[in-house]
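Biologist: Please show me the model, and then I will ask about its parts.

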Amino acid sequence: MKSPWKSLKPLDATHEYVVLASSIPPLRRSSTMRLFRGASAVRKQLEGTDGLVGFSLLARPVRNQYATLSIWDDEAALAAFAGGQPHQRLTDDLAPEMGPTQFVRWNMTGSEARPTWAEAFRRLG
């Protein structure tokens, strides 16, 4: 299940943005349940984060596939979110229960089309 794209502000055609895609693989079903419980709080954090343009989350429990796709004003905004609460606490708590998480970043200008999940998975390899 992919969450609909949540736009928090419009893209500025002349601005260069940072795009982040991540793949988050839980090792066990119990890890999946903890991930789901924590994701709700992190989603609320996302919606209140300065510098976030928009995001989508993907959850395919049967395939054990979880991913994120987001657009940020800049690296500083992304770093502030990643180090903020509850995201930091959730990532620390779940780290032993997760397989190797993959991240990929790239830049885009506001005049480009919003990145797709297909592009994110291609870049995640």
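This is a predicted model: local features need pLDDT of at least 70, side-chain atom pairs count only at pLDDT 80 or more; totals for chains, interfaces and linings use all residues.

Modeller: Residues are numbered from 1 along each chain as its sequence is written, and side-chain values use heavy atoms, with hydrogens and water left out.

Biologist: Which helix or strand gives the most to the lining of the largest pocket?

Modeller: A pocket is an open set of points on a 1 Å grid over the protein atoms alone, where a 1.4 Å probe fits, with protein on both sides within 12 Å along at least five of seven lines; lining residues have an atom within 4 Å of a point. Helices (H or I, at least four residues) and strands (E, at least two) are DSSP runs, numbered from the N terminus. The lining has 39 residues, with Ser22 and His87 among those that lie nearest the pocket's centre. Seven residues of the lining come from the element that gives the most, H1.

Biologist: Into how many nonpolar, polar and charged residues does the lining of the largest pocket divide?

Modeller: Ala, Val, Leu, Ile, Met, Phe, Trp, Tyr, Cys and Pro count as nonpolar, Asp, Glu, Lys and Arg as charged, and the others, Gly among them, as polar. By this scheme the lining residues are 25 nonpolar, eleven polar and three charged.

Biologist: Which residues touch the most other members of the largest nonpolar core?

Modeller: A nonpolar core is a set of buried Ala, Val, Leu, Ile, Met, Phe, Trp, Tyr and Cys residues joined through side-chain atoms within 4.5 Å. Buried means under 20% relative accessible area, exposed over 50%, and partly exposed in between (1.4 Å probe, protein chains only). Of the 17 residues in this core, those that touch the most other members are Leu46 and Trp72.

Biologist: Which residues of H3 are buried?

Modeller: What covers the buried residues of H3 includes H1 and H2. The buried residues themselves are His87, Leu90 and Leu94.

Biologist: Within what arc do the buried residues of H4 fall?

Modeller: On one side of H4, Trp117, Ala120 and Leu124 are buried. The arc is that of the directions from the helix axis to the C-beta atoms. These buried residues line one face of the helix, because seen down its axis they fall within an arc of 60°.

Methods: Contact means heavy atoms within 4.5 Å.
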